[in-house]
Amino acid sequence: DFPRFAARERRRTLIASASNLASSLERDLDFASRVRDLTMEGARKHDLASTVTQYMDGHMSLPILDFLMDQEIYSPESLVRAKLECVKSSNMAEYALSIYQDAGLEVPERMDNELDAAIERIDSAESKAEKVIQFFDNAERIAELRGEDGERAITPSLLEREEGITREDLDTYYQWGKQTYESGDYAGASGVLFNLEGVLRAGGMVPSNPKMLSILWGKLAATILNSDWDAALVEVKALASAISSAAGDKDNPNFGAVQVLQARSWLLHWSLFVCFNHADGRNFLIEFFMSPENLQAVQNNCPWLLRYITVALVMIIGRHRNFNDILKIITQERHAYSDPITEFLECLRVDFDFEGAQKKLKACEEILRMDYFLSEATEAFMSGARMFIFETFCRIHHTLDMSMLADRLAYSPTEAEKFIVDLIRGSKLDARIDSAKNYVVIGSGKNGVGVHARVQERTKDLAARSMALSQTLKQMEAKEERDRKRRILAAMDEY
């Protein structure tokens, strides 16, 4: 009986162990789930996608929603609904169909009708604008109209006289461009609007004209979605100038102060695509957003854009001339908007709270990775932020413990030492590493000469140079006086 008894005991033990393991795993999974929910809740708290997309065209919102699908911040169902809402009024019925299929949802019966309606809208717009489309496709005829020197402007009146293309035809061409854009052919839409803008400008249409403004908005959207960042930067500047012109146009009563503020707010949001993709985008962002008229829009209408100003500022190597102004605005607007990114800069450069800055920096990395515009800039921001921490330490300390710095910079001791060595070399900071004491020594001086000694060396003959300059000035004054008397005597002799 003992073997059977022992076997039963082993089975009971195994069953109990398995039960305990299952309970433990369940508790662990439940804890992990709660932690994940808290993390996602924190991410949603600082996520700006639902805010910035309110200031964007539906087509521009699509890449942001695709990005969020991979972040698991929101439920896939809600993102699918949002994507379908973005393409609802467009001609992208086939894309909408693919959204349903990729999500494993049942395709509504109305989709066939919507696809047919989209094709009909495109064909109708193309047939109505056929005359103008054929003209702009005829490069030889365009060159002929421009003349031998190519300087002749193609105006609406010239087109009507030579080609029979009326202003109504140009309106149908504009509608064709709009339907092209709604179909997702952004390069084609950009070409149509470029042609139309050239003709209307040559005909004297001012940028503040509502139709011209509409064309400029369309060109900017098309170049952004076509990822043509050089052209998009040009369009941002052109549209900003047109909005300023419209703001000062007293003959345009439909474009008052509220409309100007709203237009600038939309433009600032659209420009985020350019600023974080163009090679010189960070510098442009600070200059553009910090201009008086756009800063007014940020402070009054969309203070959350301070996040992107802060990121651009931290990423720029070297102190920007607007640094103090930006810091002041971040502090002033903390009641309207703040997040760990803006708070990091406040902790570091306003409160000099290095522990607080360290905690904020850890939160910054998670927020950056979940922001569509900033995800690719995470590493650059973190590197710039560590540089800010180190430079701020250098301003107020003479010696820095390497272990403490590694902790503040969220690095291992080896990584911290390499970072600081590169930083000293790259920024030409007056510092050195004392490996024996494991310290960074600030103000050690180049070639073993301290900063005060260098100042004394450069100014030791300042008194002698000042005396020589004084003597030279006295000699010049004496010579001028002699010349004056000589001129007076010469005049008297002539008299």
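At 9% relative accessibility, F388 falls under the 20% limit and therefore counts as buried in this predicted model. F388 forms a stacked aromatic pair with F323, with 5.7 Å from centre to centre and 15° between the planes. F323 lies in helix α18 (residues 323-332) and F388 in helix α21 (residues 378-396), so the pair ties together parts that are 65 residues apart in sequence. F323 has 2% relative accessibility and so counts as buried.

**Overall composition**

- The secondary structure of the protein comes to 25 helices and 3 strands.
- Of the 495 residues in the protein, 41% are buried.
- Among contacts with a separation of 6 or more, 59% are between residues 24 or more positions apart.
- The protein has an accessible surface of about 28,100 Å², and carbon and sulfur atoms account for 52% of this surface.

**Aromatic residues**

- The whole structure contains 17 aromatic pairs.
- One of these pairs is F136 with Y173, whose ring centres are 5.2 Å apart and whose planes stand at 20°, so the pair is stacked.
- F136 belongs to helix α7 (residues 130-137) and Y173 to helix α10 (residues 167-182), so this pair ties together parts that are 37 residues apart in sequence.
- Both F136 and Y173 are buried.
- A single aromatic cluster is formed by F67, F273, F276, Y308, Y372 and F373.
- The ring of Y411 has the charged end of R386 over it, 4.1 Å from the ring centre.

**Salt bridges**

- A search of the whole structure finds 23 salt bridges.
- One of them joins D169 to K131, with the closest N and O atoms 3.8 Å apart.
- D169 is buried, with a relative accessible area of 17%, whereas K131 is partly exposed at 43% relative accessibility.
- R201 and E197 also form a salt bridge, their closest N and O atoms being 2.8 Å apart.
- Because R201 and E197 are 4 residues apart in helix α11 (residues 186-202), about one helical turn separates them.
- R201 is partly exposed, with a relative accessible area of 36%, while E197 is buried, with a relative accessible area of 9%.
- A further salt bridge links the side chains of R369 and E365 at 2.9 Å, N to O.
- Helix α20 (residues 354-369) holds both R369 and E365, which are 4 residues apart, about one turn of the helix.
- R369 is partly exposed at 35% relative accessibility, and E365 is partly exposed, with a relative accessible area of 28%.
- R141, E144, R161, E162 and E163 are connected through a network of salt bridges.

**Surroundings of I215**

- I215 is part of helix α12 (residues 210-225) and counts as buried, with 0% relative accessibility.
- Apart from neighbours within four places in sequence, I215 contacts Y174, L193, L196, E197 and L200.
- I215 and L193 are 22 residues apart in sequence, and their C-alpha atoms are 6.1 Å apart in space.
- E197, which I215 contacts, also takes part in the salt bridge with R201.

- H278 is located in the loop between α14 (257-275) and α15 (281-289).
- H278 counts as buried, with 13% relative accessibility.
- Not counting residues up to four places away in sequence, H278 touches W229, D230 and L233.

Technical notes. Residues numbered from 1 in each chain as written. Predicted model: local features only at pLDDT ≥ 70, side-chain atom pairs only at ≥ 80, totals over all residues. Heavy atoms only, no water. Helix = DSSP H or I, 4+ residues; strand = E, 2+ residues; numbered from the N terminus. Buried < 20%, exposed > 50% of the residue type's maximum accessible area, 1.4 Å probe, protein only. Contact = heavy atoms within 4.5 Å. Phe/Tyr/Trp six-rings, centres within 6.5 Å; stacked < 30°, edge-to-face > 60°. Lys NZ or Arg CZ within 6 Å of the ring centre and 35° of its normal. Areas by Shrake-Rupley, 256 points an atom, 1.4 Å probe, with all protein chains shown as cover. Salt bridge = Lys/Arg side-chain N within 4 Å of Asp/Glu carboxyl O.
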